[in-house]
Amino acid sequence: MMKIDHRIIIAAAVAIVIVIAGAAVILTEDRSKDGGDDNTPDGETITVTDFLGRTVEVPTNLDDGIVTVGKLGSVRMLSYFDEGMQNLKMVDLVIKTETVNAPSGLTYAYIDEYRDIISKAQTHETDNISSADYENIGKLSPSLIIVNDTTYNSCKDVCDNLAEHFALVVIDDMGGYDTTPFWTEDYKLTEEFKATFELMGKVLGDTERANEIISGFEKILGEISELRGETTDVKGYVTGIPYRGLNDLLSVFPNNIALTINGVDSAVPAGSANQVMNQLASAEELSKYDITDVFIDPSTYVKINTPNSQNALKYIHSINGDSDPDNDIRVHIILPAVSVGTTWETTLLNAYYVSDLAYGHDMTDVQLQEKYGSILSVFYGDRASGALEDMQKFYDSVGGGNEYSLLNEVAVSVDNDKFVLVEI
């Protein structure tokens with residue numbers, strides 16, 4: 001039997017206590033610089049009950065900044081409240097890297113102004129709070145910390161320690177709604193889904209804005225329900241959405257909201273009700289399914305020249321080039337989305353596009369553009385102006401011979417022995 005040296009265990013335990021105690025001193029000292037435990041000049045607070053049922057006193061003045069913890073939900077929900085977003089001081093490392101620095105479709109997960117704010121924010125380890133992060137948060141001495149429930153549960157002790165010094169609110173990471181309907185039979189938001197917007201409104205002292213988002217969201221859902229017909233022949237194949245990295249054109253998202261909200265079947269059936277993605281083994285598998293429409297997330301542009309994507313495009317090109325027009329597959333470019341912790345604005349825009357397509361309303365480009373603009377304004381107000389044009393410029397600049405015409409049908413062509421996407 002191996003002999004245990006209890007002196008080593010005791011020494012290690014003491015070292016851990018010293019590290020935590022040292023970090024606690026930083027927190028206490030930094031708070032005292034701002035006038036002790038009260039981070040609000042007038043001392044006013046509001047009491048909220050967060051997602052986990054915790055009672056939290058939140059300062060009404062958030063000018064000392066907001067720290068968000070966890071890559072899902074926290075920054076996404078904050079971005080719909082402009083005043084809160086302007087106070088953002090820290091984000092998950094993945095959010096900053098993939099939104100600001102990485103050459104991926106996530107570049108457009110947030111509008112221009114907010115990407116600039118994220119680029120200037122400090123970062124913490126992905127879905128975690130390291131000892132260095134803990135100290136940095138203490139140095140920031142924020143008015144508010146917003147943590148998603150998944151990250152809170154994974155580092156509860158650290159979060160609870162931070163909560164002794166700062167207002168720390170836990171919110172739903174919203175990840176479960178990427179494949180689960182968040183709307184009722186009459187196309188209203190479920191109470192559970194609305195709760196996160198309502199909580200954010202209370203925490204940020206802007207319940208009016210929260211109500212605006214909810215009512216705008218439900219108005220869009222109502223319009224989609226009016227466009228929806230009894231049946232449709234469309235069998236969708238949604239592909240290329242970022243999920244655990246960037247994906248090629250053999251990735252399938254069978255429970256994608258843009259399909260399910262419109263009653264459109266996925267040509268490739270889901271393995272389960274909450275399956276996010278199914279990766280086909282080869283392009284030959286495509287022939288097993290009755291695909292009428294392919295919906296490509298342009299985030300896949302990094303993967304468009306991989307063998308999987310090229311073989312998928314080759315298959316579509318061959319089907320559309322045969323003598324039978326009845327088996328043709330239409331190809332569409334949808335807006336970039338995030339598969340987990342969804343970008344609700346682009347998800348609804350994609351749903352509206354699919355609805356118009358599936359039920360043959362044949363809206364003009366002008367009508368569709370006006371509708372897209374009004375949907376974006378629900379989430380970003382006047383700051384939404386020009387957002388779609390900016391996205392299009394970005395995808396034009398990285399096309400590499402492909403034309404990613406957003407919310408439009410494209411064709412598969414051949415250029416220098418490569419299969420490419422071109423405008424129709």
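One aromatic cluster brings together Y80, Y114, Y177, F182, W183, F193, F197, F217, W344, F379 and Y380. Here, rings of Phe, Tyr and Trp (its six-membered ring) are paired if their centres lie within 6.5 Å, and planes under 30 degrees apart are called stacked, over 60 edge-to-face and the rest tilted. The model is a predicted one, in which local features need pLDDT of at least 70 and side-chain atom pairs count only at pLDDT 80 or more, whereas totals for chains, interfaces and linings use all residues. Residues are numbered from 1 along each chain as its sequence is written, and side-chain values use heavy atoms, with hydrogens and water left out.

By the ring criterion, the count comes to 19 aromatic pairs. Helices (H or I, at least four residues) and strands (E, at least two) are DSSP runs, numbered from the N terminus. Both F182 and W344 are buried, where buried means under 20% relative accessible area, exposed over 50% and partly exposed in between (1.4 Å probe, protein chains only). Y301 and Y395 make another edge-to-face pair, with 6.2 Å centre to centre and 75 degrees between the planes. This pair, too, links distant parts of the chain: Y301 is in the loop between β12 (293-296) and α12 (307-320), Y395 is in helix α15 (residues 387-397), and they are 94 residues apart. Y301 counts as buried at 12% relative accessibility, and Y395 is buried with a relative accessible area of 0%.

Attention now turns to the nonpolar cores. A core is taken as a set of buried Ala, Val, Leu, Ile, Met, Phe, Trp, Tyr and Cys residues joined through side-chain atoms within 4.5 Å. The largest has 113 residues, of which L144, F182, F217, W344, F379 and L421 touch the most other members. Helix α13 (residues 344-358) supplies the largest share of this core, namely nine residues. Apart from it lies another core of 15 residues, among them M90, I129, I145 and L168. As for L421, its contacts (heavy atoms within 4.5 Å) include I296, I304, L313, V331, I333 and Y404, leaving out residues up to four places away in sequence.

With a salt bridge defined as a side-chain nitrogen of Lys or Arg within 4 Å of a carboxyl oxygen of Asp or Glu, a search of the whole structure finds 13. One of these joins D50 to R54, with the closest N and O atoms 2.5 Å apart; D50 and R54 are both buried. D50 lies in the loop between β1 (45-49) and β2 (55-59), and its relative accessible area is 5%. Its side chain also reaches the backbone nitrogen of L52 at 3.0 Å. Setting aside neighbours within four places in sequence, D50 is in contact with V56, L168, V169, V170 and L199.

Another salt bridge is found between the side chains of D82 and R383 (3.0 Å, N to O). D82 lies in helix α3 (residues 82-86) and R383 in the loop between α14 (365-380) and α15, so the pair ties together parts that are 301 residues apart in sequence. D82 is partly exposed at 23% relative accessibility, and R383 is partly exposed with a relative accessible area of 36%. D82, E113 and R383 are linked in a network of salt bridges. Within helix α9, K194 and E191 are three residues apart, and about one helical turn separates them. Their side chains meet in a salt bridge (3.2 Å, N to O), although K194 counts as buried at 14% relative accessibility and E191 as exposed at 52%.

How values were computed: A polar contact is a pair of N or O atoms within 3.5 Å; within protein, one must be able to donate a hydrogen and the other to accept it, and residues adjacent in sequence count only if both atoms are side-chain atoms.
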